[in-house]
Amino acid sequence: MNLVIGFGPFIIFALLSRLSPDLALWAAFATAFVVTIRDFVERPVLRLLDMVSLVLFGALALWRGFMDQGLSLEALRTIVDAGLTLAILVSLLLKRPFSVQYAGRTD
């Protein structure tokens, strides 16, 4: 169940993106923040997926809000997909799959 919660920001973004890209980004960022803080309080270790979602959605929300308000929904989805894919590939290349952290092992 923790792994599903780890994907929560991405799920929130996907569900809300049709209503409003800005709402989707800020809600995903807020979800990522809550998930990261909740997990960090329980065990002071930052998980890769939590860090990636926090940084990715925070940066995208700030970028779209203050730098480039014309950034399209398709571009946002592409960036989110690329960020998640990159994080997964890096974790596999380092031989430390991100899903292992949710299984209770952090080695």
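I am working from a predicted model.

**Entry 1: H4 and H5**

I looked up the pair formed by H4 and helix H5 (residues 73-93), whose axes come within 11 Å and cross at roughly 155°. Since angles over 145 degrees count as roughly antiparallel, that makes H4 roughly antiparallel to H5. The crossing of H4 and H5 is right-handed. On the H4 side I listed Leu 48, Leu 49, Val 52, Leu 56, Phe 57, Leu 60 and Arg 64, and on the H5 side Leu 76, Ile 79, Val 80, Gly 83, Leu 84, Ala 87 and Ser 91. Sorted by class, the residues joining H4 with H5 are eleven nonpolar, two polar and one charged.

**Entry 2: H3 and H4**

I then turned to H3 and H4, which pack at an angle of about 150° with their axes 8 Å apart. That angle makes H3 roughly antiparallel to H4, and the crossing of H3 and H4 is left-handed. From H3, the residues I found in this contact are Pro 21, Asp 22, Leu 25, Trp 26, Ala 28, Phe 29, Ala 32, Phe 33, Val 35, Thr 36 and Asp 39, and they meet Asp 50, Ser 53, Leu 54, Phe 57, Gly 58, Leu 60, Ala 61, Leu 62 and Arg 64 in H4. The contact of H3 with H4 divides into 13 nonpolar, three polar and four charged residues.

**Entry 3: H2 and H3**

For helix H2 (residues 8-16) and H3, I read axes that come within 8 Å and cross at roughly 165°. H2 and H3 are therefore roughly antiparallel to each other, and H2 passes H3 in a right-handed crossing. H2 contributes Gly 8, Pro 9, Ile 12, Phe 13 and Leu 16, while H3 contributes Leu 23, Ala 24, Leu 25, Ala 27, Ala 28, Thr 31 and Ala 32.

**Entry 4: Arg 47 and Asp 39**

Which residues is Arg 47 in contact with, once its neighbours within four places in sequence are left aside? I found Asn 2, Asp 39, Gln 101 and Tyr 102. Arg 47 lies in the loop between helix H3 (21-42) and helix H4 (48-67). Is Arg 47 buried or exposed? Its relative accessibility is 11%, and because the cut-off for buried is under 20%, Arg 47 counts as buried.

With its neighbours within four places in sequence left aside, Asp 39 is in contact with Arg 47 and Asp 50. I also checked Asp 39 against Asn 2: they are 37 residues apart along the chain, and their C-alpha atoms are separated by 9.4 Å.

**Entry 5: confidence**

Last, I looked up how far the prediction can be read. The mean pLDDT of the protein chain is 88, and 95% of its residues reach 70 or more. Confidence is highest in H2, at a mean of 94, and lowest in helix H6 (residues 98-102), at 80. I keep in mind that where pLDDT is low, the predicted coordinates should not be read in detail.

Notes: Residues numbered from 1 in each chain as written. Predicted model: local features only at pLDDT ≥ 70, side-chain atom pairs only at ≥ 80, totals over all residues. Heavy atoms only, no water. Helix = DSSP H or I, 4+ residues; strand = E, 2+ residues; numbered from the N terminus. Buried < 20%, exposed > 50% of the residue type's maximum accessible area, 1.4 Å probe, protein only. Contact = heavy atoms within 4.5 Å. Axes fitted to C-alpha atoms, helices over the stretch in contact; angles between N-to-C directions. Parallel < 35°, antiparallel > 145°, perpendicular 65-115°, else oblique. Left-handed = near helix turned anticlockwise from the far one by under 90°. pLDDT = per-residue confidence, 0-100. Nonpolar A, V, L, I, M, F, W, Y, C, P; charged D, E, K, R; others polar.
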